[in-house]
Amino acid sequence: MDSVNAIRKLKASLGEHKVLTAKEDLVCYSYDSSPYICQPLAVAVPEKREDVQAILKIASKYQTPVIPRGGGTSLAGGSVPSEGSIVIDMSRMNRILEIDTKNLVAVVQPGVITADLHRAVEAQGLFYPPDPQSMNMCTIGGNIATNAGGPRCFKYGVTKDYVLGLEIVLADGRVLRTGGKTIKNVSGYDLTRLFVGSEGTLGIVTEIILRLIPLPQAKRTALAIFNTLEEGAAAVAGIIERRIVPTTLELMDQDNLVLIENAKHVGFPTDVEAAILIEVDGKPREVDEDISRIEEICKEFGGREVRIAQTPEEAAALWAGRKASFGCLTQSTRSIFTEDATVPRSELVNAVREFKALGKKYNLRIPMLGHTGDGNLHPSILFDERDSEEVARVEKCIDEMFAIALKLGGTLSGEHGIGIAKRKYIPWEFGETGVEVLQNIKKAFDPLNILNPGKVVLLGEDHE
Amino acid sequence: MNNEYIKPYQDETERCLRCGICLGFCPVYHAERHEGTVARGKIRMTRELLEGNLQLTPRLRKFMDLCLGCQACAESCPNKIPTDKIVAAARAQFVKDQGLPLVYYLALRWGLKNPAVMETVFASLGLARNLSLTKLLPHSLKEKEEILPPLPSKTFWEQYKAKPGSGKKVAYFVGCMTNLVSPQVGLTAVRMLEAHGYEVIVPKVYCCGLPHYSSGDMDTARELALKNLDIFTTYDVEAVLTDCGSCGSALREYPHWLKDQDQSKAQEFAGKVRDITEFLVNDAGIKPGSLALNRTVTYHDSCHLNRTMGVTREPRLLLKSLPGVEYREMIDANRCCGGAGTFNIKNPEVSMKILEHKMANTKATGADTLAVGCPSCRMQLALGARKFNVPVEILHPVELLAMSYGQK
């Protein structure tokens with residue numbers, strides 16, 4: 001590793017203005033939304049594919065690690081630098097190159113902010129469904145790195161279901177193109193899918209072809225309130241069994257409802273175990289029918305109350321509480337870990353019950369949100385990072401949480417990614433053979449281990 | 001160096017969870033896409049400064065200067081961290097430890113501090129323009145000079161005549177920009193108050209101090225605040241009114257500026273400060289005139305008026321109450337126009353990117369009139385209308401109210 005020469009060469013090749021080394025800049029790129037912090041040696045700011053190629057050629061030559069970064073909103077530490085690394089900030093490559101209304105595809109650069117893409121395609125009556133809740137600040141490149149999901153993904157699928165093709169700069173600076181504008185493509189191995197969710201450990205994406213669909217004409221929203229979690233889960237199963245597919249089925253548990261109601265006074269009940277925010281979309285007549293059938297089904301399964309929004313303003317008011325949830329959590333704590341353990345839908349109630357029991361066991365407050373349609377849970381562990389005894393309890397609690405998720409047939413991460421936070425659990429989910437396959441893939445694309453090293457799967461050193 | 005200005009914010013900087021929600025709301029970040037331009041980065045840098053890992057360097061100064069003070073970050077922050085106040089404190093720390101650069105020293109401690117000097121400077125600029133001398137300016141200065149709109153031939157004070165009345169008494173605060181750049185707004189506002197049955201007292205005042213506060217010159221900001229407080233304690237009035245969101249927000253913040261001193265006077269005064277539209281709608285009971293305006297109007301929220309003074313509803317109600325006005329809300333009406341006092345002069349490229357966004361949203365409404373309650377925004381928007389070819393007339397809501405009375 002010869003980082004000093006790598007930076008000197010980078011400045012000569014890209015120009016001083018694209019390579020930042022001031023202490024202030026390094027501080028600004030030492031973190032993401034996870035608790036991890038480490039300063040890089042430099043921040044490179046490419047403006048075109050050729051810049052990325054030049055960076056990787058130099059990084060390879062001097063064996064210097066590079067850390068690709070979009071909005072820096074990873075909750076798992078996916079974009080936190082490692083020691084002696086160079087951050088590649090992709091956010092200046094932020095152009096929407098084409099919205100092809102004949103083929104219903106968009107061609108974009110990785111630094112485009114997800115919500116900006118939403119606005120641009122919706123202006124043409126088109127729809128890009130993946131809606132990670134950081135969509136106002138995260139980037140399409142970051143969404144591809146983590147295969148991001150979101151509330152709408154139960155109905156519409158996740159990021160990987162919309163990526164048709166990629167342009168990738170490989171570790172040695174060569175350019176690889178995968179897929180294209182066609183929906184069908186079975187030529188060779190599916191390299192596009194291999195790169196989606198690879199967290200910048202196999203190559204750096206510089207251009208993306210995304211599938212679009214027509215924008216649904218109408219939406220309806222309801223809030224269903226249940227005395228017990230079991231009733232709520234049964235109602236969700238009932239809705240799906242009767243062939244209604246809502247776009248969102250957002251569960252808030254009692255702890256969450258109490259925190260939100262105390263801070264915001266939005267009219268949430270605090271004496272129930274579950275409230276589920278349900279949204280349907282489609283043609284105007286369809287959604288009207290769907291929402292009244294959902295009301296019937298919720299009542300049939302013991303729903304205490306179903307509030308149906310009659311106007312867009314009323315719908316916004318129902319969403320306001322859910323959207324305020326994160327702020328209400330953060331105001332009640334000093335530090336927070338938001339996890340995304342995911343289980344099969346049928347195991348959701350068991351997972352919530354077992355996570356709650358963990359909170360009791362370790363004396364931690366763990367309010368929960370969940371996308372009930374797809375079994376994706378967001379337990380948030382509230383703690384104080386200055387209290388080392390509490391931090392130790394948090395770590396033990398998270399270990400057990402992941403063991404439970406895997407025991408119930410689930411996964412470590414539904415949508416946030418592995419990053420630094422969950423890499424130690426990878427052998428639990430993959431086993432010896434699985435880890436070896438992951439390592440072999442990593443070595444095939446990145447023999448020098450310079451691409452976001454230490455994330456997802458560890459090479460060389462033993463798994464902790 | 002003991003960091004006395006930023007130290008009080010240590011706990012706030014440690015409460016940042018780095019969630020990044022501010023990234024989605026910061027107009028500067030949207031234009032620049034550098035982490036140092038947004039609240040999350042500024043908070044982290046301040047924290048590391050307090051921990052001794054960073055110093056007051058020119059690079060840090062640059063990032064602290066790249067802030068509009070629009071408070072969109074503070075408003076969106078789940079933990080309500082007041083980044084605008086942290087940035088102001090950092091700027092004050094720079095001034096305290098390193099002094100003011102000469103140009104700022106002259107502008108803040110001589111020009112903006114003395115009303116007579118300001119009037120002379122503006123009169124000279126008007127004369128220079130009439131003689132086309134401004135064509136001789138070097139390119140960089142010429143761009144800055146162009147930010148100023150055509151200047152009126154007479155200031156507020158050269159035109160204003162006090163009218164004795166018998167109604168309830170209110171005081172009017174005529175800010176520097178109202179006096180020198182848009183005197184017609186102040187004159188119209190006073191006439192409209194009289195039309196609503198009030199006796200208006202217009203004292204000669206000092207600059208509100210906001211340019212000083214924003215530049216970190218806290219000593220002068222406090223000095224001006226105290227001088228203005230002295231002036232207003234001599235009047236027994238129901239309210240103190242402004243047509244400038246920035247002046248109004250500064251007057252409301254006097255207790256915060258003077259937090260190390262006896263605040264009773266500042267608090268009583270701040271409690272009386274109202275925006276003119278706020279007062280007309282909520283206190284006076286607005287009475288629109290009868291002449292139809294036949295205009296399509298949209299409205300831009302001044303950040304100070306919106307986020308410091310909390311005035312958003314009243315100007316819209318005023319506009320919608322006028323005969324012959326079709327009101328159209330623009331997208332992101334509460335997003336900063338990029339003017340932000342002297343931000344546009346210090347950071348012209350970033351400011352133009354932010355302004356372009358605002359003008360595109362204005363254009364999309366199809367409105368022929370853009371209403372705004374702050375002379376600093378007004379200058380910026382006028383520049384935007386010229387630069388990006390958006391055919392709108394830019395007016396203060398009280399000017400439109402006066403038109404419904406047949407006054408111009």
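Across the interface of chain A and chain B, 23 residue pairs are in polar contact, both partners being at pLDDT 80 or more. A polar contact here is a pair of N or O atoms within 3.5 Å; within protein, one must be able to donate a hydrogen and the other to accept it, and residues adjacent in sequence count only if both atoms are side-chain atoms. On the side of chain A that touches chain B, the elements giving two or more residues are α2 (23–28), α11 (312–331) and β16 (335–338) of chain A. Of these, α2(A) gives the most, with five residues. Helices (H or I, at least four residues) and strands (E, at least two) are DSSP runs, numbered from the N terminus.

A word on the basis of all this: the model is predicted, local features need pLDDT of at least 70, side-chain atom pairs count only at pLDDT 80 or more, and totals for chains, interfaces and linings use all residues. Residues are numbered from 1 along each chain as its sequence is written, chains are lettered from A and ligands numbered from 1 in the order in which they are written, and side-chain values use heavy atoms, with hydrogens and water left out.

How many residues of each chain are in contact? Chain A brings 37 residues and chain B brings 30, where contact means heavy atoms within 4.5 Å. The area buried between the two chains is about 2,800 Å², and carbon and sulfur atoms give 51% of it. Buried area is the accessible area (1.4 Å probe) that two parts lose on being put together, summed over both. Glu24(A), Tyr31(A) and Arg334(A) supply 23% of what chain A buries against chain B, more than any other three residues.

Arg334(A) also meets Glu14(B), side chain to side chain, in a salt bridge (3.5 Å, N to O). The rule, a side-chain nitrogen of Lys or Arg within 4 Å of a carboxyl oxygen of Asp or Glu, finds four salt bridges across this interface.

On a 1 Å grid over the protein atoms alone, a cavity is a set of points where a 1.4 Å probe fits but cannot get out, and lining residues have an atom within 4 Å of a point. Grid points are joined across faces, edges and corners, and a volume is the space filled by probe spheres set on the points.

| Cavity | Volume |
|---|---|
| Largest cavity | about 170 Å³ |
| Second largest cavity | about 130 Å³ |

Among the residues closest to the centre of the second largest cavity are Cys26(B) and Leu68(B). α6(B) gives the most to its lining, with three residues.

Methods
On a 1 Å grid over the protein atoms alone, a cavity is a set of points where a 1.4 Å probe fits but cannot get out, and a pocket is an open set with protein on both sides within 12 Å along at least five of seven lines; lining residues have an atom within 4 Å of a point.
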